[in-house]
Amino acid sequence: MSDSLSDMVPGLIDLQLDAKAPSTVLKNKSGWLRWREWALSKFGVPVIPAKPLHIALFISELVKRSSENNIGVSPIESSVYAIKWGHAMAGVEACPVSHPLVKLALEGAKRRFAGPVQPKEPLSVSTVQAIATHFASSASLSHLRFLFILLVGFAGFFCIDEIRNIALRDVSIHSDHMSVYVPQRKNDQYREGHTAVLAITSKVTCPVAVTERLIKLLPQSSSAFPLVRRIVKARSKEYFHSSLGVSVSTLREEFKKHIKPFVSDISKYDTHSMKSGATSNPACKKIVGDLLESMLVGGASPLSTDIL
């Protein structure tokens, strides 16, 4: 390809990416990277053009992972669709995903997970308190990041994807509370956003205190960058990255690793255990019904919540 044509390739890629919604592109990219990582870990497995047998074996391994983590067929479907998307982006006409071997493997995965997925167990207040007490005095950035996710997620009724996308500009700390604005929630039908108001307490579980600790250790950078940052490890020290966030899969793995000593069966718990634990907390019964609904569905929540 001549230099003049090569210079036009980036523009073509941008045009192709615009063919899908940004959220769809991000989902496809995640699935493609999952396939790429798997293919590169195997000898003689090309990433693109992929071979149907290799994709079918990839699906088989994803089925095993999904069964172990009780997460259903969704990650498998998204990965297969991402492989199809990647080949289309590269201009491969004969997509291997259309091969009968791949189709049968995917259909088999769907049938295997056709039953209802067992919901994760909620984290109790006493368990959250025990975890916070254990890690409170730790100087580890990993422990601090985990505590921020746990305490703010529990107190604010947030899911993990909402927490990882909270930016510095979304947080306002006042004398007696902290407000956290989430621009978009999964069940926010009118895209109005949601503001959670979290009370300042003197307890080890105070979500505001752990947020202040985290902010003090973040490098000076744009307020648009996420609070939950990647950790960079040097020879003599570790520090938070100036801008890069962390993937949901990494945060989920770290979350389970940190709470494992405090629960009887880690397979029954996941990051969703924060939100389900908060909503099942008896203290929530004191909250007026419409305010609780506002916190869970979207919109402003004028109540300063202290459920820990």
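Axes here are lines fitted to C-alpha atoms, for helices over the stretch in contact, and the angles between N-to-C directions run from 0 to 180 degrees. Helices are DSSP runs of H or I with at least four residues, numbered from the N terminus. What you have is a predicted model, where local features need pLDDT of at least 70 and side-chain atom pairs count only at pLDDT 80 or more, while totals for chains, interfaces and linings use all residues. Residues are numbered from 1 along each chain as its sequence is written, and side-chain values use heavy atoms, with hydrogens and water left out.

**Confidence**

pLDDT is the predictor's confidence in each residue, on a scale from 0 to 100. The chain averages 84, and 81% of the residues score at least 70. Over residues 294-304 the pLDDT is below 50, though this stretch has 35 contacts in the model beyond near neighbours in sequence. A contact here means heavy atoms within 4.5 Å. Residues 287-292 also stay under 50, with seven contacts beyond four places in sequence. Where pLDDT is low, the predicted coordinates should not be read in detail.

**Helix packing**

Two packed helices are described by the angle between their axes and the distance between the axes.

| Helices | Angle | Axis distance |
|---|---|---|
| H8 (residues 141-156) and H10 (residues 207-217) | about 140° | 9 Å |
| H8 and H11 (residues 248-259) | roughly 95° | within 10 Å |
| H4 and H5 (residues 74-89) | roughly 155° | within 10 Å |

In words, angles under 35 degrees count as roughly parallel, over 145 as roughly antiparallel, 65 to 115 as roughly perpendicular and the rest as oblique.

Take H8 and H10, packed at about 140°. That angle makes H8 oblique to H10. Their crossing is left-handed, a label used if the near helix is turned anticlockwise from the far one by less than a right angle, with clockwise being right-handed. On the H8 side the contact includes Leu144, Phe148 and Leu151, and on the H10 side Val210, Arg213 and Leu214 are among the partners. By class, this contact has eleven nonpolar residues, one polar and one charged. For the classes, Ala, Val, Leu, Ile, Met, Phe, Trp, Tyr, Cys and Pro are nonpolar, Asp, Glu, Lys and Arg are charged, and the others, Gly among them, are polar.

H8 brings Ser142, His143, Arg145, Phe146, Ile149 and Leu150, while H11 brings Leu251, Glu254, Phe255, His258 and Ile259. That contact splits into six nonpolar, three polar and two charged residues.

H4 and H5 cross at roughly 155°. H4 is thus roughly antiparallel to H5, and the crossing is right-handed. Ile55, Phe58, Ile59, Leu62, Val63 and Ser66 in H4 face Ile76, Ser79, Val80 and Ile83 in H5. This contact has eight nonpolar, two polar and no charged residues.

The structure holds six aromatic pairs, with rings of Phe, Tyr and Trp (its six-membered ring) pairing if their centres lie within 6.5 Å; planes under 30 degrees apart are stacked, over 60 edge-to-face and the rest tilted. One of them is Trp35 with Phe58, edge-to-face at 5.3 Å centre to centre and 70° between the planes. Trp35 sits in H3 (residues 22-40) and Phe58 in H4 (residues 52-69), 23 residues apart.

Most residues other than glycine have a negative phi, and most peptide bonds are trans. Ile48 and Pro49 are joined by a cis bond, with omega about -5°, and Pro49 is in the loop between H3 and H4. Phe157 has a positive phi, near 60°.

How values were computed. Helix = DSSP H or I, 4+ residues; strand = E, 2+ residues; numbered from the N terminus.
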